[in-house]
Amino acid sequence: MKMSSRNNDRVVSSNDSLMICGSLTSQTVEQIVSDMYQAKAQGADLVEVRLDYISNLDRHNDLQTIISNKPLPVLLVYRPKQEGGLLDGDDKMRLEVLLQAVGLGADFVEIELKAASGFMTKVEHKRYHKSKGKIIVSCYVDGITPPEEELLQNVALMQATGADIIKLITRAADITEISRILSLLPNCQVPLIAYSVGERGLISQLLCPKFGGFFVYGSLAGNPIPGLPSLDHLLEAYKLEHVNADTKIFGLISKPVGHSKGPILHNPSFRHVNYNRIYVPMFIDDLKEFFGTYSSPDFAGFSVGIPYKEEVTRFCDEVHPLAQSIGAVNTIIRRPKDGKLVGYNTDCEASITAIEDALIEHGCNDGGASSSLAGRLFVLIGAGGAGKALAFGARSRGARVVIFDIDFDKAKSLACAVCGEAQPYKDLINFKPEKGAILANATPIGMHPNTDRISVAEATLSDYRLVFDAVYTPRRTRLLKEAEAAGAKTVSGVEMFLRQAAAQFNLFTGLEAPEEFMREIVLSKF
């Protein structure tokens, strides 16, 4: 792996050893051949073909078809159920299939540690070792990822088989387990593929180039595999060939995390200013465990999403006064000089300026007030982290705030903090606002995949001058569509997302955000 030069913040080199592997799980050989070409078109350097997924495998014809039609190198895997695969049958036949694959010229063949000794002997006996194909010996660890010492024992056993490459697979029950996987990569004597499957294991793929891994697995666009990034995201958003040992890590702390568009915005923006950073989604179950595990300076900062914007303030060493008054943090920086975590809130100004600018654009700055929100009724749904930012922002502009939340005590607490009013959530469906009011949704209602939901009565939407939805997946939610049909002006959460992300970028890098570049990404990709 090539390392970067003296200026570690700048992207000045590429990781030439990295290989992107498209993981194929089709059930027919015909589809696999088609998928191999798709994987190549989507940027894969090689493909992993899971033979245990193929229905009624014809060992003679199917292997020949796959290998003779491959448009790029192929890794053949035939995994039994006890090793995390689908094959439930004759293990002797399985090993014969893999031996045949070696003889036919497969580029890589994977065999599990338990069967490796006998398999390697047969490969030598048949003189297949003269072929150019590589043997990968793998170990699948089911259940909770064991301590690092036990993982190292598995690595040593795999190395002792004489494999060309070794591979360790776990299934993370918590993102903190990934640290044990990443710690194995830098010092292994044999090329090591190590990762964790499942949604919580995603960063094991995205961060492996930083720690010395050289295989990253991705799924075909339109055929997602939990825990794997898509090939097009690897190619367009992450560009992992630029990730090296000096790359600093930023990430989104959230649960769930799959909806996030942060990686497709922040990563290209970092590269646009030639900054050696990577931004990854982090599925977090326990904030205390997370911050206790990932305390290295390599983890330089975080965005904070649902449901942690309020709770995360307890784990910050310092909180910016605005974020302190709101009681919610959406951005954390690890201060380089002392490693302390400093919390900020960029949601507040982002959401309120988006609403103000939309009102001004549509000629709604009544009476020349200092803010287009001054004196208006501001109806807020949701008293969580995003809701708090909106409430404090609206109040700072002179709006009269009414808050609805399914947790009435939470709504009352926020209303008290902004000198507003709280009303029971059950009354929202029949709430009739005064003409010219603003409606702001700060709940996940309407977020993908539950896009058909709406939190207010459609008949009331015509009474609002403007409707804002903090949800940005999809870009035009049902709430916005219905509001537009009722004659209200609308502001998408995408606008808030863009503005808060630009402010985050400034905090992350100390540079001025390339806002026009970021806006182009949002308009083309969201």
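The largest cavity has a volume of about 90 Å³, and the structure holds 3 cavities of 30 Å³ or more. A cavity is a set of points on a 1 Å grid over the protein atoms alone where a 1.4 Å probe fits but cannot get out, with lining residues having an atom within 4 Å of a point; a volume is the space filled by probe spheres set on the points, which are joined across faces, edges and corners. The model is a predicted one, in which local features need pLDDT of at least 70 and side-chain atom pairs count only at pLDDT 80 or more, whereas totals for chains, interfaces and linings use all residues. Residues are numbered from 1 along each chain as its sequence is written, and side-chain values use heavy atoms, with hydrogens and water left out.

The largest cavity is lined by 12 residues, of which Tyr238, His242, Val243, Arg271 and Arg277 lie nearest its centre. At least two lining residues come from each of α10 (262-272) and β10 (277-283), helices (H or I, at least four residues) and strands (E, at least two) being DSSP runs numbered from the N terminus. Tyr238 also belongs to helix α9 (residues 231-238), where Leu231, Leu234, Ala237 and Tyr238 are buried, that is, under 20% relative accessible area with a 1.4 Å probe and protein chains only. The cover over these buried residues includes β1 (19-24), α1 (29-41), α7 (202-206), β8 (215-218), α10 and β10, and just after α9, Lys239 takes a positive phi of about 45°.

The largest nonpolar core, with 117 residues, has Leu51, Ile66, Leu76, Phe119, Met282 and Phe291 as the residues with the most contacts inside it; a nonpolar core is a set of buried Ala, Val, Leu, Ile, Met, Phe, Trp, Tyr and Cys residues joined through side-chain atoms within 4.5 Å. Helix α17 (residues 493-509) gives the largest share of this core, 7 residues. Another core, of 36 residues, lies apart from it and includes Phe378 and Met496.

Phe378 stands opposite Val401 in β16, and strand β15 (residues 377-381) pairs with β16 in the parallel sense over 5 bridges, where pairing requires at least two DSSP bridges. Because 5 of the 6 residues of strand β16 (residues 400-405) are buried, this strand is largely enclosed by the rest of the structure.

In strand β13 (residues 331-334) both faces are covered, with Thr331 and Ile333 buried on one side and Ile332 and Arg334 on the other. Strand β13 runs antiparallel to β11 (residues 299-304), to which 3 bridges join it, and antiparallel to β14 (residues 341-344), with 4 bridges.

Note on methods
On a 1 Å grid over the protein atoms alone, a cavity is a set of points where a 1.4 Å probe fits but cannot get out, and a pocket is an open set with protein on both sides within 12 Å along at least five of seven lines; lining residues have an atom within 4 Å of a point. Buried means under 20% relative accessible area, exposed over 50%, partly exposed in between (1.4 Å probe, protein chains only). Contact means heavy atoms within 4.5 Å.
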